[in-house]
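Visitor: Could you take me through one part of this model up close? I'd like to look at the metal site and then at the charged pairs.

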Amino acid sequence: MGMNIYLYSDLEGVAGVNQWDDRSSDRPVDVRRRRRYQRLLMGELNSAAAGAFAGGASRVLLVTGHSDSVLYELADERLEIINGSGYSTWLPELDGSFDGMFFVGAHAMTGTPDATLAHSFSRGIHWNLCGRPIGELGAAAVIAGAHRVPLIMASGDDKLCAEARALVPKIETAQVKVGLGLNCARHLSKERAREEIRMAALRAVERAGKGQIPPCTFAVPPYSCNVRFPVDQAQASENKSGQEWLSPREVNFSSEDLLDLMRKVTY
Ligand SMILES: [Zn+2]
């Protein structure tokens, strides 16, 4: 039996990408940029898939993280693809049947100095899980870890790769650019970026097959997550169970169950 890989994708960590994708805009300049970025993303996702299958994967499920970014008709024919909106949970269909998770096109967390397009779900939001600052990569690693699935490969800028290694020291990373500021990077060519990703994916699947990359398990009970917003939140007065607003811009979530906590925080 080959390895079953969950390939999660975002956009901001792709080589060639250093501007925000304004998904609500239909201005021609924004539409043109989105088309360019989508094609660059597909090159990296197909390279990750190629590496995974070469390394021993028998199934790769591609899950679109950044809405409307995956071009279905350009995807490697071996991929299965979850695309669309309205998932009932973040990271749909992720469960213990997967042998490893990839995060391609990932970006560093809010506030990381000089990281390209750094944010955590939304711009300016800071997350702290069980006393440790995390971003989207950390949230994905922790949720996967709760299913005993290791995050085995990540790609993005140098700051994202450092964030990944701090979370999962044994992870394989593909650095496709060097962040020089929020909207600036020194990029590899798309060809070199794709080769970095293909090789990291191949090594990751091979090493995961030998049990060399453990799941991320730093979060320990009692589970809590603090979220700080850059502006006042309208819903700040509503305290539901396991949710306590400390100010109009800061909320604490708590739960006995890690997956329950992450569901509360990500939705
Ligand atoms: Zn993101």
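Guide: Read along the sequence, the donors of the zinc ion follow the pattern D-x96-H-x28-E. His107 sits in the loop between strand 4 (100-104) and strand 5 (126-129), while Glu136 belongs to helix 2 (residues 136-146), so this pair links distant parts of the chain, 29 residues apart. Bear in mind that this is a predicted model. As for the atoms doing the work, Asp10 (OD), His107 (NE2) and Glu136 (OE) coordinate the zinc ion at 1.8 to 2.1 Å. Both His107 and Glu136 are buried.

Now for the charged pairs: searching the whole structure turns up 12 salt bridges. One of them joins Arg203 to Glu172, with 2.8 Å between the closest N and O atoms. Because Arg203 is in helix 4 (residues 190-209) and Glu172 in strand 8 (residues 172-181), that pair ties together parts 31 residues apart in sequence. Arg203 is partly exposed at 32% relative accessibility, whereas Glu172 is buried, with a relative accessible area of 10%.

Stay on helix 4 and you'll find Arg198 and Glu195, three residues apart, about one turn of the helix. Their salt bridge has its closest N and O atoms 2.9 Å apart. Arg198 comes out partly exposed at 28%, and Glu195 is partly exposed too, at 37%.

Then there's Arg27, which forms a salt bridge with Asp30 at 3.3 Å between the closest N and O atoms. Arg27 is exposed, at 51% relative accessibility, but Asp30 is buried at 7%.

Conventions. Residues are numbered from 1 along each chain as its sequence is written. This is a predicted model: local features need pLDDT of at least 70, side-chain atom pairs count only at pLDDT 80 or more; totals for chains, interfaces and linings use all residues. Side-chain values use heavy atoms; hydrogens and water are left out. Donors are N, O and S atoms within 2.8 Å of the metal (3.2 Å for Na, K and Ca); water is not among the atoms, so sites may look incomplete. Helices (H or I, at least four residues) and strands (E, at least two) are DSSP runs, numbered from the N terminus. Buried means under 20% relative accessible area, exposed over 50%, partly exposed in between (1.4 Å probe, protein chains only). A salt bridge is a side-chain nitrogen of Lys or Arg within 4 Å of a carboxyl oxygen of Asp or Glu.
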